Amino acid sequence: MAVPVDAIIKQSPPSSSLRFAFGNVLAFFILLLIGVLAFSIRLFSVIKYESVIHEFDPYFNYRVTQFLTKNGIYDFWNWFDDRTWYPLGRVIGGTVYPGLTLTAGTIWKVLQSLNIPLSVETVCVFTAPVFSAFAAWATYLLTKEVKGTGAGLTAAILLAMVPSYISRSVAGSYDNEAVAIFALIFTFYLYIKTLNTGSLFYATLNSISYFYMVCSWGGYTFIINLIPMHVLLCIVTGRYSSRLYIAYAPLVVLGTLLAALVPVVGFNAVMTSEHFASFLVFIVIHVVALAHYIKGILSPKMFKVAATLVVSVGLVVCCAVIAVLVAVVASSPTKGWSGRSLSLLDPTYASKYIPIIASVSEHQPPTWPSYFMDINVLAFLVPAGIIACFTPLSDASSFVILYLVMSVYFSGVMVRLMLVLAPAACIMSGIALSEAFDVCTRSIKYYISTLSDSLLTDAGDIVSPQNDVIKPEKKEDLLKERPSRKNKKKEKENIEKPSVKPQITKMPLVLPVEASIFALFLIVLLGAFYVVHSVWAAAEAYSAPSIVLTSHSHDGLHVFDDFREAYAWLSHNTEVDDKVASWWDYGYQTTAMANRTVIVDNNTWNNTHIATVGTAMSSPEKDAWQIFNSLDVKYVLVVFGGLVGYPSDDINKFLWMVRIGGGVFPHIKEPDYLRDGQYRIDSQATPTMLNSLMYKLSYFRFVETDGGKGYDRVRRTEIGKKYFKLTHFEEVFTTHHWMVRIYKLKPQKNRIRGKTKKLKSKTSSATPRSGTTLKKNPWH
């Protein structure tokens with residue numbers, strides 16, 4: 001039976017709206033599942049080990065959060081910590097990014113008000129997995145603004161499992177990046193949303209999100225430089241619009257004012273070179289906006305005159321601003337840039353001038369295998385996503401391309417910034433997979449529709465005589481709906497006009513059905529490989545806390561809990577006011593777990609203080625004792641992995657102590673510790689190396705562990721100096737696996753009065769006669 005065309009048109013809107021509503025509900029439930037996946041995949045560290053804080057920096061954040069929840073926000077801002085950087089101390093409220101601490105403290109406060117009795121440590125452990133779900137949802141929103149819902153869902157599920165992000169957001173990784181990546185993605189989403197809508201409401205939300213990013217992480221400078229670059233790109237390519245102005249101008253004004261409220265940033269928001277690009281582009285966009293406004297109200301002839309005037313005035317203003325900036329920048333030895341920013345712009349800068357930055361392992365450039373480890377198959381999908389963003393190119397897609405390009409560069413400079421690359425790679429890969437899936441499914445649908453049409457055509461040829469029969473009761477309805485001649489002409493014109501469109505519009509890409517099915521199979525296979533790799537990375541590579549170590553051997557699993565054993569000994573066997581010296585890596589853990597005062601810690605704000613500790617470790621025993629005694633140090637802690645094969649011990653870090661110490665105290669020279677340019681601890685080691693305090697504290701009594709050989713499993717050689725005694729230090733504690741060794745400074749010996757008199761008589765008899773001159777002591 002033939003169905004009238006009007007009936008089909010009347011029935012289509014309800015079906016399309018129902019389909020749209022069903023799609024939204026389905027997308028909502030998929031996002032919920034993605035959030036659950038992002039949270040649960042990061043719980044391997046708790047399941048396999050225990051609910052414990054990881055790494056080094058998170059222990060400081062945990063300690064600060066404890067102080068905040070116990071003493072309140074006002075005491076937190078005014079907290080002077082006398083247990084760090086002795087004897088200098090540290091003002092916590094003015095030197096810390098408070099976003100993570102305030103977030104976790106607020107969550108704990110809300111849970112307490114709801115009578116959910118979770119400890120502060122539990123909240124800190126699970127903050128990162130919770131915000132990883134938020135980051136996945138923010139990625140969905142951002143990608144949806146660029147390429148639609150399908151691409152957004154794909155990008156969200158990729159980010160939920162990307163190993164690079166998992167490495168910084170497993171349960172227990174209570175670091176700034178735990179909340180900062182969500183703030184980064186959400187700020188970019190609000191910028192794109194404002195760019196697409198021109199809404200001042202979203203622009204205000206964008207400034208608030210940027211403020212939260214400033215509170216959370218020093219990487220906020222990436223945002224305040226990337227967005228101006230995109231704005232300048234749009235202006236240069238002729239894509240300026242009022243929406244671009246609304247998206248950018250409130251961010252610079254309101255965002256900078258809010259950023260200046262953060263104590264650790266303060267006036268750096270307007271005084272450092274990292275922020276100058278945003279102000280220059282702010283001037284440029286106002287000049288362009290003024291030119292567009294004048295062009296709209298003046299004739300073309302008058303516009304040329306006005307444009308010449310505006311350009312000349314603009315150039316004068318720009319030159320004046322640049323001159324002021326150059327004067328401000330020239331007064332700084334680093335030209336207004338921080339050390340980390342300069343090391344990003346010049347990868348060799350840190351190794352030349354700031355060895356303390358270069359000594360951090362996460363500040364080293366990555367290797368090619370690390371890309372495959374951290375983003376896996378996404379590295380191969382990113383180029384396809386870039387191509388998809390160019391078809392067609394919009395303001396949003398150009399921003400995502402620029403974001404990817406800049407993050408690829410920065411990730412190549414510092415392995416730590418692979419974390420910034422991960423969202424961009426997920427967005428591009430999500431767009432590529434979504435476009436590929438659309439092409440394949442469209443091709444299969446087209447094949448099915450053509451097949452069904454051919455079957456219906458064959459069936460119509462067989463039963464065509466019956467289709468011409470019209471029931472008498474419907475005849476009157478058809479006569480009523482029969483149009484007049486005028487309506488026929490109008491309908492004919494309306495039908496003829498759309499018929500031209502298929503000739504102009506581009507035919508969508510349709511692949512052969514066999515190729516489409518094979519491509520879908522490859523996409524599923526690629527996704528399965530990505531899932532397996534991500535789960536393995538989350539379970540094995542990134543779930544182990546550095547505070548508790550494990551190893552597998554032929555006789556089973558071995559657990560090394562030496563760090564907590566050492567910190568517990570310090571907590572129970574030393575006085576509360578005792579000072580502990582160690583390399584700066586272990587400062588946060590010593591303060592948080594042992595509750596003892598440290599000389600240096602992971603904040604690394606005072607290079608001279610760290611160089612003093614490095615000099616003491618590099619000096620002979622007597623000189624090191626004098627340095628530590630002048631700092632009121634009572635205990636010295638060293639980490640040694642030669643017995644169990646732990647590679648991140650102090651012997652492997654020792655050359656960095658020499659370099660940092662030599663940068664401040666010139667008598668410490670790195671070649672004195674090298675034999676023919678090689679770092680050795682065996683019989684070929686230099687006397688300076690064998691007599692250094694670090695060597696003696698690490699290898700004292702080491703020959704007793706293997707019958708006199710003294711074989712170092714990390715360096716894979718026998719040590720050079722096996723039998724020696726300590727004269728100014730005494731061993732007080734060594735952990736079960738010899739990973740942490742604690743020494744106490746021996747008290748200064750009392751002078752014997754009789755010996756003093758003899759010395760005086762000798763010196764008086766040795767006084768030179770008149771006319772002789774004394775040689776001047778060069779050290780006084």
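Predicted model: local features only at pLDDT ≥ 70, side-chain atom pairs only at ≥ 80, totals over all residues.
Local features need pLDDT of at least 70 and side-chain atom pairs pLDDT 80 or more, while totals for chains, interfaces and linings use all residues. Numbering starts from 1 along each chain as its sequence is written, and side-chain values use heavy atoms, leaving out hydrogens and water.

**View 1. Helix α6 meets helix α7.** Here α6 (residues 99-113) packs on α7 (residues 120-147) at about 115 degrees, axes 10 Å apart. That makes the pair roughly perpendicular (angles of 65 to 115 degrees count as such). On the α6 side, look for Leu100, Thr103, Ala104, Ile107, Trp108 and Leu111; α7 brings Val120, Val123, Thr127 and Phe131 (contact means heavy atoms within 4.5 Å). The tally is 8 nonpolar, 2 polar and no charged residues (Ala, Val, Leu, Ile, Met, Phe, Trp, Tyr, Cys and Pro are nonpolar, Asp, Glu, Lys and Arg charged, and the others, Gly among them, polar).

**View 2. Helix α20 against α28.** The axes of α20 (residues 368-375) and α28 sit 9 Å apart, at an angle of about 100 degrees, so this pair is roughly perpendicular too. Phe372, Met373 and Ile375 of α20 touch Phe529, Tyr530, His533, Trp536, Ala537 and Ala541 of α28. That's 8 nonpolar, 1 polar and no charged residues.

**View 3. The second largest pocket.** Its volume is about 790 Å³. Of the 30 lining residues, Gly150, Thr154, Leu433, Ser434 and Phe437 lie nearest the centre (lining residues have an atom within 4 Å of a pocket point). Elements giving two or more residues to the lining include α8 (149-161) and α23 (418-462). By class, the lining has 19 nonpolar, 7 polar and 4 charged residues.

Definitions and conventions. Axes fitted to C-alpha atoms, helices over the stretch in contact; angles between N-to-C directions. Helix = DSSP H or I, 4+ residues; strand = E, 2+ residues; numbered from the N terminus. Parallel < 35°, antiparallel > 145°, perpendicular 65-115°, else oblique. 1 Å grid on protein atoms, 1.4 Å probe; cavity = no way out; pocket = protein on both sides within 12 Å on 5 of 7 lines; lining within 4 Å. Points joined across faces, edges and corners; volume = space filled by probe spheres on them.
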